[in-house]
Amino acid sequence: MAYTTAASGHPEVLLRPFPDVTTGRIQVSNEGGTSPLWSRDGSTLYYVNGEREVVAAEITSRAPLRVRRRTLFSLGRYLSSPAVVTSGGEFLVRHSEPEIVLVLNWTRLLE
């Protein structure tokens with residue numbers, strides 16, 4: 001189970017075994033982390049670090065668990081963290097620049 005906690009004073013991404021969440025925990029992020037999101041196959045945990053970059057943390061399933069981090073891209077001008085990781089590994093994020101749509105004669109369209 002992946003989650004974000006601010007117990008250390010700033011948000012970090014942590015892992016706990018499930019369903020027995022009391023048996024231990026592993027810190028995944030370094031220097032801040034939010035918005036954990038698992039890959040479809042469960043081998044990679046994506047999160048946003050303190051620099052607003054999306055990081056892929058590959059988790060080994062063998063004991064002891066190991067984490068290998070790789071920065072993928074900066075969110076830069078995007079408003080949100082990735083909301084979805086597709087089966088092909090693409091990310092869906094929301095752009096920060098609002099789109100303005102002008103619809104003329106909208107009342108006529110309602111008819």
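**A surface patch, then the sheet**

Modeller: Let's start on the outside: Val103, Trp106 and Leu109 make up a nonpolar patch on the surface, and together they have about 360 Å² of accessible area. Keep in mind that this is a predicted model. Trp106 belongs to helix H1, which covers residues 106-110. Why is Trp106 called exposed? Its relative accessibility is 54%, and the cut-off for exposed is over 50%, so Trp106 counts as exposed.

Now zoom out for a moment. The protein chain contains 1 helix and 9 strands. Read from the N terminus, its elements go β-β-β-β-β-β-β-β-β-α. Of its 111 residues, 22% count as buried. The chain exposes about 8000 Å², and 53% of that comes from carbon and sulfur atoms. As for contacts with a separation of 6 or more, 20% of them are between residues 24 or more positions apart.

Next, the sheet. Three strands form an open sheet in the order E1-E2-E3, and the pairing is antiparallel. Its edge strands are E1 and E3, as each of them pairs on one side only.

Take E1 and E2 to begin with. Strand E1 spans residues 2-5, and its antiparallel pairing with E2 runs over 4 bridges. If you want to find this pairing on your screen, look for Ala2, whose bridge partner in E2 is Leu15. The two strands make a hairpin with 6 residues between them, and in this hairpin Gly9 has a positive phi near 110 degrees.

Which way do the side chains of E2 point? In a regular strand, side chains alternate between the two faces of the sheet. Strand E2 covers residues 12-15: Glu12 and Leu14 point one way, while Val13 and Leu15 point the other way.

Most residues other than glycine have a negative phi. Glu31 is not a glycine, yet its phi is positive, at about 55 degrees. You'll find Glu31 in the loop between E3 and strand E4, which is 33-38. With a relative accessible area of 72%, Glu31 is exposed.

Ser35 is another one to look at: it isn't a glycine either, and its phi is positive at about 55 degrees. Ser35 sits in strand E4.

Technical notes
Residues numbered from 1 in each chain as written. Predicted model: local features only at pLDDT ≥ 70, side-chain atom pairs only at ≥ 80, totals over all residues. Heavy atoms only, no water. Patch = residues over 30% accessible without salt bridge, like charges linked within 9 Å, V, L, I, M, F, W, Y side chains within 5 Å. Areas by Shrake-Rupley, 256 points an atom, 1.4 Å probe, with all protein chains shown as cover. Salt bridge = Lys/Arg side-chain N within 4 Å of Asp/Glu carboxyl O. Buried < 20%, exposed > 50% of the residue type's maximum accessible area, 1.4 Å probe, protein only. Pairing = 2+ DSSP bridges. Contact = heavy atoms within 4.5 Å.
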